[in-house]
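Hi,

Here is the model I said I would pass on.

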Amino acid sequence: MSDLNQVTVTGRLGADPEIRRTQDGRPIGNLRVAVSQNWRDKNSGERKERTEWVPVVVYSEGLCKIAEQYLRKGSRVLIQGEWKTRKWADQSGNDRYTTEVTLQGFDAKLIMLDGPSGERQSKPQQRDQSSYDDYDEPKGQGQAANFSRDLDDDIRFMMEWR
């Protein structure tokens with residue numbers, strides 16, 4: 001049995017995507033995703049928050065194009081890629097290590113949870129991406145029933161496909 005190196009992160013961009021190009025013209029994108037956790041302190045009762053910053057490097061040309069064109073600081077995204085640690089030398093020649101989520105290959109996912117303008121969509125336009133928009137909002141009776149029916153179809157398809 002092999003191990004699986006897969007990371008899924010949902011958060012907000014802390015800055016606009018930074019896209020640079022290699023000497024042969026291929027784009028490489030850098031994103032910083034803020035992942036926040038909120039809770040209420042049991043002793044004092046006050047609300048607390050902790051934010052972790054996840055560095056993301058995008059090697060996929062198509063995903064770089066999407067990031068450059070549609071993502072801005074504050075955009076909500078779902079990222080799915082691999083953890084990688086790379087070694088590099090600083091100006092003094094000392095070895096440094098950076099661990100980041102990398103998006104490359106067909107397994108990589110970059111899903112915009114906001115609309116292209118950065119504002120939440122009031123009406124889902126694409127089932128595969130916009131279904132994430134509604135997880136934190138209350139649903140009406142009709143929407144919940146549709147979601148359940150859609151999920152049943154997906155499960156049946158997955159079972160038949162295997």
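Before more of that, the ground rules. This is a predicted model, so local features need pLDDT of at least 70 and side-chain atom pairs count only at pLDDT 80 or more, while totals for chains, interfaces and linings use all residues. Residues are numbered from 1 along each chain as its sequence is written, and side-chain values use heavy atoms, with hydrogens and water left out.

Aspartate 41 is buried, at a relative accessible area of 18% (buried is under 20%, exposed over 50%, partly exposed in between, with a 1.4 Å probe and protein chains only). Its side chain reaches the backbone nitrogen of asparagine 43 at 2.8 Å. Setting aside residues up to four places away in sequence, aspartate 41 touches Glu46 and Lys48 (contact means heavy atoms within 4.5 Å).

Now the overall picture. The chain has three helices and seven strands, in the order β-β-β-β-α-β-β-β-α-α. Of its 162 residues, 26% are buried. Taking contacts between residues at least 6 apart in sequence, 52% join residues at least 24 apart. The accessible surface is about 12100 Å², with 47% of that belonging to carbon and sulfur atoms (Shrake-Rupley method, 1.4 Å probe; for residues, only the protein chains shown count as cover).

Helix H1 (residues 61–70) is worth a look. Its buried residues are Leu63, Cys64 and Ala67. They lie on the same side of H1 because they cover an arc of only 105° around the axis (the arc is taken from the directions from the helix axis to the C-beta atoms). These buried residues pack against strands E2 (18–21), E3 (27–40), E4 (47–58), E6 (95–103) and E7 (109–112). On the face turned away from the buried side, H1 carries the exposed residues Glu61, Lys65 and Gln69.

Lysine 73 counts as exposed, at 61% relative accessibility. Beyond its neighbours within four places in sequence, lysine 73 is in contact with Leu13, Gly14, Ala15 and Asp16.

As for charges, the structure holds nine salt bridges (a side-chain nitrogen of Lys or Arg within 4 Å of a carboxyl oxygen of Asp or Glu). One of them pairs glutamate 68 with arginine 21, the closest N and O atoms being 3.9 Å apart. That pair links distant parts of the chain, with glutamate 68 in helix H1 and arginine 21 in strand E2, 47 residues apart. Another joins aspartate 90 and arginine 96 at 3.1 Å, N to O; aspartate 90 is buried, at 18% relative accessible area, whereas arginine 96 is partly exposed at 39%.

Lastly, confidence. The average pLDDT is 79, and 70% of the residues score at least 70 (pLDDT is the predictor's confidence in each residue, from 0 to 100). Over residues 121–162 pLDDT stays under 50, and the model has 24 contacts beyond four places in sequence for them. Where pLDDT is low, the predicted coordinates should not be read in detail.

Cheers

Conventions. Helix = DSSP H or I, 4+ residues; strand = E, 2+ residues; numbered from the N terminus. Polar contact = N/O pair within 3.5 Å; in protein donor to acceptor, adjacent residues only side chain to side chain.
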